[in-house]
Amino acid sequence: MCGIVGYVGPKVDGRALEVIMEGLARLEYRGYDSAGVALVAGDHVVTTKRAGKLANLIRALALEPLPESNTAIGHTRWATHGAPTDENAHPHRGGQDGKLALIHNGIIENFHALRSALIDDGVVFLSETDTEVVAQLLARSYDKIGDLTEAMRQVVAELKGAFTLLAVHADEPGVVVGARRNSPLVVGIGDGETFLGSDVAAFIGSTREALELDQDQIVTITAQGASIINFDGTPGVGKAYHVDWNAAAAEKGGFPNFMAKEIHDQPHAVADTLLGRTNESGALVLDELRMDEAELRAIDKIVIIACGTAAYAGMVAKYAIEHWTRIPCEVDLAHEFRYRDPVVNERTLVVAISQSGETMDTLMAVKHARLLGARVIAICNTHGSTIPRESDAVLYTHAGPEIAVASTKAFLAQITACYILGLYLAQLRGGTYADEAQSVMKDLCEMPAKIQTVLDGLDRVREIARFMVDTRSVLFLGRHVGYPVALEGALKLKELAYIHAEGFAAGELKHGPIALIEAGQPVFVIVPSPSSEHGLHDKVVSGIQEIRARGARTIVIAEEGDEDVVPFADVVIRVPVTPTLLAPLVTTVPLQVFACELAWAKGLDVDQPRNLAKSVTVE
Ligand code: M6R
């Protein structure tokens, strides 16, 4: 939530505004309620900020251009404190002379008390934000100390909550100071220029060399580089890394929106996540996990924690991991986990799934799990993010940058990483599925081609989506691993097309949801493979007959060659023959395309749906 960019370049080139605007464009997916910039120009700081999307700020800057500068900060906001207005947009000024400007991501939990004290001292506030309180505190501190880094250090000691802060001061041109606690901030190291960003997308157009900051650190950038101290004043170090994707990966590549592009990236996302996981003899090797094998063998319970789409990936994982390892596996929404007094101890393996690696609910659940003694593995798509750093080990997905707010390729990559983890545990612990791990890996390696086959045959899905623009409610039914797929299909439609949608376990139908069926009600049904165990396929086909008899319009996702569904389906969408546990990698794709196309046909902003932000960095 909220995108943050900072830049200091050579004195002569004055391209700070250009860099900041490019960074904001790449970070807009993090929040799009308002946007603003502040530049240090001469002996003063100038700001422009506008409510609404970045386009409004661009228009304002075109009408009233800002002076050239080599030092700037920029912000794109997801509103927490105060409505999305010009006044509440960041940057916020501090001090009576307005020489300081500050931007912020996160929530200052004690801002009421701080604000009241400042008001008592005669400070007049121009916004309703918690951020302006910090700007005023920092300006005061600067006036006393005359050093922006030290002033920042003193102010963060007074703050409670999660925050990334960036500040500039007119008396320190060529300097941007940042601070982070439980909120993302990375440094980009260029040639004679230095960047700060909520994530590397902010500066990927200029450099792929980055520095990861630790928790509770302050970073001061100049054109020559970055220096880091800890909140306690001791020297800090950053971890240098090379970003393994380039600016092209964060562009639309000819697609009408990022979501469509990312849906089409999925064969690569899955293939790249599978890459390098086996040795010459076909055995799984997870070197990056760096976790003691004896400890993993001793695990007697797995708890998966995640939110939203990542939690649905966890639900798919539960079926696979329990089947292959026989270790009991629970899935918890991260925000529920902490508050339900979970039974977790040293023999529990907690798996935290997060695309961004910054979701606050998941981060807090990770910390809670570790306090209870559990070992935590993060499954994450973002290098340098907080959740992997706060975990004992990490398994990276290699989906590349996911820009659209709705998660697509990250979902398939998360499921893939969970399969890898499950198979690795099975191999490690021996037993029935240890021998099968290699053959399942072979099946998995065939999945990218199968996903491509699905993508190549979705014209009918697009047609139905366009036909259904006025639909007010859609239901999704699935069973076994098809159940989380149904939930994911419904979530995609809700968040993108603002249509009421519900996903149900198909077996639940007769326990209530069937009452929703009336003439013309569209229902997507994800049908298990006819080869799946326990006769699940036939049971779901019976369910289709029952809803059809009550007037439902059935859109059935079924395997190639499954003719049983044909008499009861208004539309059949085919997916390749796939082992049951791996089927979500293909059955999810038509649902993503359906939601994307329907939202697009309604003229909605597919990449930036209302009220949402890509990474939810507040609780
Ligand atoms: O970055 P994370 O994977 O932790 O994000 C979790 C959810 O916020 C995310 O999956 C969300 O549900 C998506 N908007 C769904 O498309």
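1. A residue is called buried here when its relative accessible area is under 20%, exposed when over 50%, and partly exposed in between (1.4 Å probe, protein chains only). By that rule, helix 18 has these buried residues: Leu536, His537, Val540, Val541, Gly543, Ile544 and Ile547. They lie on the same side of helix 18, because they cover an arc of only 155° around the axis, taken from the directions from the helix axis to the C-beta atoms.

2. A word on what you are looking at: this is a predicted model, where local features need pLDDT of at least 70, side-chain atom pairs count only at pLDDT 80 or more, and totals for chains, interfaces and linings use all residues. Residues are numbered from 1 along each chain as its sequence is written, and side-chain values use heavy atoms, with hydrogens and water left out.

3. Back to helix 18, residues 536–549. Helices (H or I, at least four residues) and strands (E, at least two) are DSSP runs, numbered from the N terminus. The end C-alpha atoms of helix 18 are 20 Å apart, which agrees with the 20 Å that its 14 residues should span at 1.5 Å a residue; the expected span is 1.5 Å times one less than the number of residues. Among the elements covering its buried residues are strand 20 (473–478), strand 22 (522–526) and strand 23 (553–559). After the helix comes glycine 551, with a positive phi near 100°.

4. Now have a look at the ligand. Around it are 14 residues, and the closest are Ser354, Gln355, Ser356, Thr359 and Glu495; a residue counts as near if one of its heavy atoms lies within 4 Å. Ligand oxygen atoms lie 2.7 Å from a side-chain N or O atom of serine 356, 2.4 Å from one of threonine 359, and 2.8 Å from a polar backbone atom of serine 407. On its own the ligand has 410 Å² of accessible area, and the protein covers 90% of this (Shrake-Rupley method, 1.4 Å probe; for residues, only the protein chains shown count as cover).

5. Which element gives the most to the shell around the ligand? Helix 9 does, with 3 residues.

6. Finally, serine 354 sits in strand 17 (residues 348–354) and is buried, with a relative accessible area of 4%. A polar atom of its side chain lies 2.9 Å from the backbone nitrogen of glycine 357. Beyond its neighbours within four places in sequence, serine 354 is in contact (heavy atoms within 4.5 Å) with residues including Thr359, Cys380 and Gln414.

Terms used. A polar contact is a pair of N or O atoms within 3.5 Å; within protein, one must be able to donate a hydrogen and the other to accept it, and residues adjacent in sequence count only if both atoms are side-chain atoms.
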